[in-house]
Structures are given as C-alpha cells and as structure tokens.
Amino acid sequence: MEVFAAGQATGDEWTWAETAALIVPRIALFGAFLTYALNQRAVRRERRAKTFAEALRAVEEYLEMPYRIRRRPESSSATRQQLTDKVSSLLARMAFHQAWLQIEATTVAGPYATLVATARAEAGAQMSLAWQQPPITTDSGMNLGIPYPGTDRTRPEPHASM
C-alpha cells in the first residue's frame, strides 16, 4: 500500500487544491484587468473634464477682453499689439476646442459652437466700443461702473454647504 501526501490525487482524481491553483490566478488576472480598465476610464473622464473646462475658460477670457481693452494703461502700438495678440490667441483656442469637441464629444459640440458664436458677436461689438474709449489713467477710472450692453455676467451663488 502506497502512502500519498495530503492533497495528492490518485489516478485521475481532481482535487480542490488543483482547482484552486487554476482559478485563483485567473481571478487575480481578472481583478487586475478590471482595476486597469476602471482606472483608464477615470483618467479619460478627468482628461475630458479638464478639456471641457479649458474650452469654457477660453470663452470666458474672450468675454473679458472688452474690459481689458477698456482698462488698457496707454494707447501705444505695443499695448495695441499685445491686446490684439491676446484676442487672436483666444480665437485660436476657441477654434481648437470647437474642432476637438466636434471629433471627441459631438453631443456638446453644437452647444459650444453656439456659445462661441454668441460670445464672438457680443464681445466683438463690446471690443469695438472699448477701443473707442480713451485709456484709463487713474485708479478711480478702473471702476467702469456698468457692464457693456448685452452682457449677462451673473453667476449663481455658491452653495451654503461649500
């Protein structure tokens, strides 16, 4: 009579130890894959959220340009060049985000295009008015008093719990 070690199969018998040896690595591999997939999804979502925020930031900065132009410190060619370069840069950023959204997030591409068109129409007219004003030379002049026409720059109040 032969003596067998614990867990050793006799003949064609299959033991729980052998089953566990096959199942455990597969479960671990599946868990690693699932963790990787969920992490990649979270990274993609975060990247998209940052890109959406950048797209909105470009529009917001563009809407601020009439105020920057109005508050320019002087009417020199260098100041005009700096401000028009900023406007051109913002237009390029908005166009980039519009194209990116058209490719990557088509559901928000249309509303973003509408937002950009509205911002360009509104801020464009306001920039024309701002360029017609003389440069501000006093501290008290920095307070413009009223917003440009057509501007609805109201923001919701922060939540009390924040």
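Axes are lines fitted to C-alpha atoms, for helices over the stretch in contact, and angles run from 0 to 180 degrees between N-to-C directions. This is a predicted model; local features need pLDDT of at least 70, side-chain atom pairs count only at pLDDT 80 or more, and totals for chains, interfaces and linings use all residues. Residues are numbered from 1 along each chain as its sequence is written, and side-chain values use heavy atoms, without hydrogens or water.

**Helix α1**
- Helix α1 covers residues 16-70 (helices are DSSP runs of H or I, at least four residues, numbered from the N terminus).

**α2 with α3**
- Helix α2 (residues 77-104) and helix α3 (residues 106-132) have axes that come within 8 Å and cross at roughly 165°.
- α2 and α3 are therefore roughly antiparallel.
- Contact means heavy atoms within 4.5 Å; among the α2 residues that meet α3 are L83, V87 and L91.
- The α3 side includes Y112, V116 and W131.
- The contact residues divide into 12 nonpolar, five polar and three charged (Ala, Val, Leu, Ile, Met, Phe, Trp, Tyr, Cys and Pro count as nonpolar, Asp, Glu, Lys and Arg as charged, and the others, Gly among them, as polar).

**α1 with its partners**
- The axes of α1 and α2 come within 9 Å and cross at roughly 150°.
- That makes α1 roughly antiparallel to α2.
- The α1 and α3 axes come within 7 Å and cross at roughly 10°.
- α1 and α3 are therefore roughly parallel.
- Residues of the α1 and α3 contact divide into 19 nonpolar, two polar and three charged.

How values were computed: Helix = DSSP H or I, 4+ residues; strand = E, 2+ residues; numbered from the N terminus. Parallel < 35°, antiparallel > 145°, perpendicular 65-115°, else oblique.
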